[in-house]
Structure formats: C-alpha cells, structure tokens
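Please look over the structure shown below with the following briefing at hand. The points are grouped by topic, so that each can be followed on the model.

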Amino acid sequence: MRQRTFLLAGLLVALLIAGVGSYYASSHPDGLEYVAERTGFLDQADEHPAADSPLADYQTKGVDNARLSGGLAGVLGSLLVLALAGGGFWLLRRRGPA
Amino acid sequence: MHVPDGFFDAPTSLATGAVAVAGVALALRGARRELDDRTAPMAGLVATFVFAGQMMNFPVGAGTSGHLIGGALAAVLAGPWTAVLALSVVLGVQSLLLADGGVTALGTNITLMGLVGVGTSWAVFVLLRRLLPARLGVVAPAAGVAAFVSVPTTAAVFALLFAVGGTAPVETWTVLTAMVGWHLVIGLGEALITGLVVASVVAVRPDLVYGARPLLAQRPLEIREVAA
C-alpha cells in the first residue's frame, strides 16, 4: 500500500472512531473515577477550569443534537491533535531523504 | 485514567509537573532520532489515533469502563520518545480544550500516562523482542503484552503517588488494590486494541512500525522461484 493511501486510510479510521464510534462508547465512569468514588476521594475533584470551553466534556457548545455535538467535538479534537502533533513532528524530524 | 484537579496537593502537582517538563524535554531530543521525512507523518497519525481511541470507553463490568491509554501503541508504532510527545499533545488538548483531566494535574497525567505508560510499555516490548524469535509475527503479540502490563503499572504508580500527595486520607492499600485490580481488566482491552492495530499495520506496511525495524533489517533477501 502506498504511504499516502495508508495515511489517509488511517486518518479516516481515526476520524470515524472520534466522530461516529464515540457515540457508542460506554458512559460509565472510567477505572480511576470508579475507584475514587468507591474508596471515597472522588469529592476531592475540583470543577474543571475549562468547563465552559466550547468543546468541554466532548460536547460542542450550541449544538443540541447529542450525536452531532459529540461527533463534532471528537473530529475537531482529532484535527487539532493532528495539526499540533503532526506539525511538531514535521518540524522536529531529521531533514533530508530517509 | 485522567486525574482531575484537586486529587493531589500542590507540592505533588508541582513535582509531577517538573518531572513531566523534564520528560518532555528529553523526548524532544530523543524523538529527533526517530523522526524523518517518512516517519513524521506516521507519528502525527499515531497521535491522532491515540486521541480517537481514548474516546472509545469500553465497559468492564460493575458500572465501570476503561479506555485505551495508547502508550504501547504509540511507542511500538512511532518510537518511545515520539510516543511521549504524542501522549503529551493528546493529554494537553484533552485538558485545555475538552475539560478532560485537570489543568494543574496535567503534569501528573503526562507523568503517569506519558512517561510511566510509555516507559513500561517500551521496556516490556524490547525485552520480549529480545527473548522471542526474530520474526515480524512477534511484534503485535509483544505490543499487546506490553500494553497489558503498562495499564496496571500506571495504576499502581497513581496509587503510590496518592499515598504521598493525595488530598484525602484513604488507606494506601485500599487505593492500590482497587486501582490495580480494575486496571488489570482494563489492561486486557488495552492489549487487545494495541495487538490488533499493530498487527494491521505490520500486515500492510511493516516498514512504518518503529518496533519492527530491527526485525526487518535482519530479514534476509530471498530469491523465490516463480513457476513458469
């Protein structure tokens, strides 16, 4: 498989997971949250300073449809990670042909 | 396993913040050796994939869920130093934009999931690669085992850190056994996802798998007879 094809296919899979699949993810508390609740230190958690951010808690502010709101937050988050990590790695790389 | 603000006292958060800064600084140097024109785009994809994978919480019973951390996945696919940077970017975006994982706890989260998660994964993977036959087929299972070990190890380090600087007087043993117990189960999911994803990449483009490169180099060229 050509590298460009491979990368685009991988990106498509990642965006599908973040944008569509995540709607079907379990909404139960994760391991740490569950243990914190059970052993009695969950109340120590402070409110998140970014709780009012437009994408807080993987929901897009102003989008009412839950599927769309979560999917959009997932896709935007993924693209931001791609831009920051991908751009950073490109700047860091050893120059010249491999 | 995203730690929110408030679980740890200020000295502990400052200390893990310093550890995270030092770790990322080392990773910025180390990753140069792992990244070139061909592998840098792959590394960007790996970071994106870890972000997406972390959104897919899977149920592990009794009203609990787990999700991929991605330390082993990123380390085997992109190299350990690059993996530390990938996890740091993912955790940073989650904390600052998506309100997932505290802001004063960002250093703790990078230390736990970035440094401990990636470090444990890479150590186990390299050990297994050395012990197992030098074949491409061992890469995905070794990545899976590394992923499995890394999750309860990270959970244990959280519990020990909580004993040192946690803000609630909960008995260390209670936190430790509960964290390690649940994360052994979550680790199975981490192992499965990591093994399958690494196996898929090894199947189509083994040259893009950082952890497979020493094995590719050893693979002898062969001339195959073609039936006329």
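## Helix packing in chain B

In this predicted model, helix 3 of chain B packs against helix 6 (residues 139-165) of chain B at an angle of about 145°, and the axes of the two helices are 8 Å apart. Helix 3 of chain B also packs with helix 4 (residues 80-97) of chain B, here at an angle of about 135° and with axes 7 Å apart.

**Helix 3 with helix 6 of chain B**

- The crossing that helix 3 of chain B makes with helix 6 of chain B is right-handed.
- On the side of helix 3 of chain B the residues that meet helix 6 are B:Gly71, B:Ala72, B:Leu73 and B:Val76, and their counterparts in helix 6 of chain B are B:Val139, B:Ala143, B:Ala146, B:Ala147 and B:Ser150.
- Sorted by class, this contact of helix 3 with helix 6 of chain B holds seven nonpolar and two polar residues, and no charged residues.

**Helix 3 with helix 4 of chain B**

- The contact is made by B:Gly71, B:Ala74, B:Ala75 and B:Ala78 from helix 3 of chain B, together with B:Pro80, B:Thr82, B:Ala83, B:Ala86 and B:Leu87 from helix 4 of chain B.
- Seven of the residues in this contact of helix 3 with helix 4 of chain B are nonpolar and two are polar, while none is charged.

**Helix 5 of chain B**

- Helix 5 of chain B, with 26 residues (106-131), reaches 36 Å from its first C-alpha to its last, which is close to the 38 Å expected at 1.5 Å a residue.
- Of the 26 residues of helix 5 of chain B, 19 are buried, so this helix is largely enclosed by the rest of the structure.

**Contact between chain A and chain B**

- The contact draws on 53 residues from chain A and 61 residues from chain B.
- On the side of chain A that touches chain B, helix 1 (3-19), helix 2 (31-39) and helix 3 (66-92) of chain A each supply at least two residues, and the largest share, 14 residues, comes from helix 3 of chain A.
- By class, this side of chain A consists of 31 nonpolar, 16 polar and six charged residues.
- A:Thr39, which lies in helix 2 of chain A, touches B:Val170, B:Thr174, B:Val175 and B:Ala178, when residues up to four places away in sequence are not counted.

- A:Thr39 is partly exposed, with 18 other C-beta atoms within 10 Å.
- Although A:Thr39 and A:Pro49 are 10 residues apart in sequence, they are 25 Å apart in space, taken from C-alpha to C-alpha.

**Positive phi in a loop of chain A**

- Most residues other than glycine have a negative phi.
- A:Asp57, which is not a glycine, has a positive phi of about 55°, and its place is in the loop between helix 2 and helix 3 of chain A.
- A:Tyr58, likewise not a glycine, has a positive phi of about 60°, and the place of A:Tyr58 is also in the loop between helix 2 and helix 3 of chain A.
- A:Asp57 is partly exposed, with 14 other C-beta atoms within 10 Å, whereas A:Tyr58 is buried, with 21 other C-beta atoms within 10 Å.

Key. Residues numbered from 1 in each chain as written. Chains lettered and ligands numbered in written order. Predicted model: local features only at pLDDT ≥ 70, side-chain atom pairs only at ≥ 80, totals over all residues. Contact = placed C-beta atoms within 7 Å. Helix = DSSP H or I, 4+ residues; strand = E, 2+ residues; numbered from the N terminus. Nonpolar A, V, L, I, M, F, W, Y, C, P; charged D, E, K, R; others polar. Axes fitted to C-alpha atoms, helices over the stretch in contact; angles between N-to-C directions. Buried ≥ 20, exposed ≤ 12 C-beta atoms within 10 Å, placed from the backbone. Expected span 1.5 Å × (residues − 1). Left-handed = near helix turned anticlockwise from the far one by under 90°.
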